[in-house]
Amino acid sequence: AKPFNGKSIKEYMSLIEELNAIKDTTSISDLLKLVLDKSGYEEMLSTQKDEERLENIAELKQSIYDLEKNSVENITLSDYLAGIALFTKNDNETRKNSVSLMTIHAAKGLEFPYVFVCGLNEGVFPSSKTKDIYQMEEERRLCYVAFTRAKEALFISESEGINNDNSVRYTSRFVFNVDKKLLDYKTELDEEWIKLSKSSIESKENAFENISLNSDLKIGDSVIHKVLGKGTILDYNEDNTAFIIQFDNIPTLRTISKGTQLLKVSN
């Protein structure tokens, strides 16, 4: 279906009447699918690459699927909405003086008077699994989501120590991305520690930039290495951080980091 935008009011009303006529005889999951297909809403979000709203739809689909799977009776839309309303009311009444612990993904679209974001260290947030500049930007976007959940005050914390891979746990780059004038430090960071943290961050960012230079290379491409000469990319290593290349003048395969400058040539 094409996006519903721009269609006439008559068509819009017809869709509502059509869905209303079957709402009590159709499963909630099927009804949701019809709404998304006939309105073109999900297709529109995909076209616009609105990942946040698409994730919200995916979570709604999963919650409905889990409800239907675990229910011994057929649940109508009216039952579902009544249950959600009751849950929300009870939730508000019993959690007036409590702390909500959740992932950043689960917090999307929500706001709280006070928000605590813990573990702002390199290797934690951003994650040590971040392998290139694109994944780092996704981590940065998640950090923005976390920070902007707070209405009154945001508390951020980090801790020194050693990561699971035995690397030093430096302060997260996301702390330094905030204007210092906006931060009220409980414990001021040591200037030498700040230098070490920023130096480590800069080193990683330079590696990301080098990797992005080879982002268009794929298996089968012919490349030139400034020392090893011409070769062909045959595969990637296990964690996708290096190319496995057969060079023309070397009998054995070589593993070359994606951060190494390679020139792509025509076959």
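1. In this predicted model, Glu55 and Lys108 form a salt bridge, with their closest N and O atoms 2.3 Å apart. The two residues sit in distant parts of the chain, 53 residues apart. Glu55 belongs to helix H4, residues 51-70, while Lys108 lies in the loop between helix H6 (104-107) and strand E1 (112-117). Glu55 has a relative accessible area of 24% and is partly exposed. Lys108, at 8%, is buried, because buried means a relative accessible area under 20%.

2. A second salt bridge joins Glu122 to Arg173, and here the closest N and O atoms are 2.7 Å apart. Glu122 is buried at 2% relative accessibility, and Arg173 is buried with a relative accessible area of 2%.

3. Glu122 and Arg173 should be read together with Lys204: salt bridges link Glu122, Arg173 and Lys204 in a network. When looking at the Glu122 side chain in the structure, keep this network of Glu122, Arg173 and Lys204 in view.

4. Asp221 and Lys264 also meet through their side chains in a salt bridge, at 3.7 Å from N to O. A distance of 3.7 Å qualifies because the cut-off is within 4 Å. The pair connects distant parts of the chain, 43 residues apart. Asp221 lies in the loop between helix H9 (191-213) and strand E3 (222-225), and Lys264 lies in strand E7, residues 263-265. Asp221 is buried, with 7% relative accessibility, whereas Lys264 is partly exposed at 40%.

5. How many salt bridges are there by this rule? The count is 13. Those described above are among them: Glu55 with Lys108, Glu122 with Arg173, and Asp221 with Lys264.

6. The count of disulfides is 0. Is Cys118 buried or exposed? Cys118 is exposed, with 57% relative accessibility. Cys143 is buried, at 3% relative accessibility.

7. Helix H4, which holds Glu55, also packs against helix H3 (residues 41-48). Their axes are 9 Å apart and meet at an angle of about 140°. This makes H3 oblique to H4, because only angles over 145 degrees count as roughly antiparallel. On the H3 side the contact is made by Tyr41, Glu42, Leu45 and Ser46. On the H4 side it is made by Arg53, Leu54, Ile57 and Lys61.

8. For the chain as a whole, there are 9 helices and 7 strands. The chain has 267 residues, of which 27% count as buried. Among contacts between residues at least 6 apart in sequence, 57% join residues at least 24 apart.

9. How far does the predictor's confidence reach? The average pLDDT of the chain is 83, and 88% of the residues score at least 70. Residues 1-5 have a pLDDT below 50. Beyond near neighbours in sequence, the stretch of residues 1-5 has 17 contacts in the model.

Definitions and conventions. Residues are numbered from 1 along each chain as its sequence is written. This is a predicted model: local features need pLDDT of at least 70, side-chain atom pairs count only at pLDDT 80 or more; totals for chains, interfaces and linings use all residues. Side-chain values use heavy atoms; hydrogens and water are left out. Helices (H or I, at least four residues) and strands (E, at least two) are DSSP runs, numbered from the N terminus. Buried means under 20% relative accessible area, exposed over 50%, partly exposed in between (1.4 Å probe, protein chains only). A disulfide is a pair of cysteine sulfur atoms within 2.5 Å. pLDDT is the predictor's confidence in each residue, from 0 to 100. Contact means heavy atoms within 4.5 Å. Axes are lines fitted to C-alpha atoms, for helices over the stretch in contact, and angles run from 0 to 180 degrees between N-to-C directions. Angles under 35 degrees count as roughly parallel, over 145 as roughly antiparallel, 65 to 115 as roughly perpendicular and the rest as oblique.
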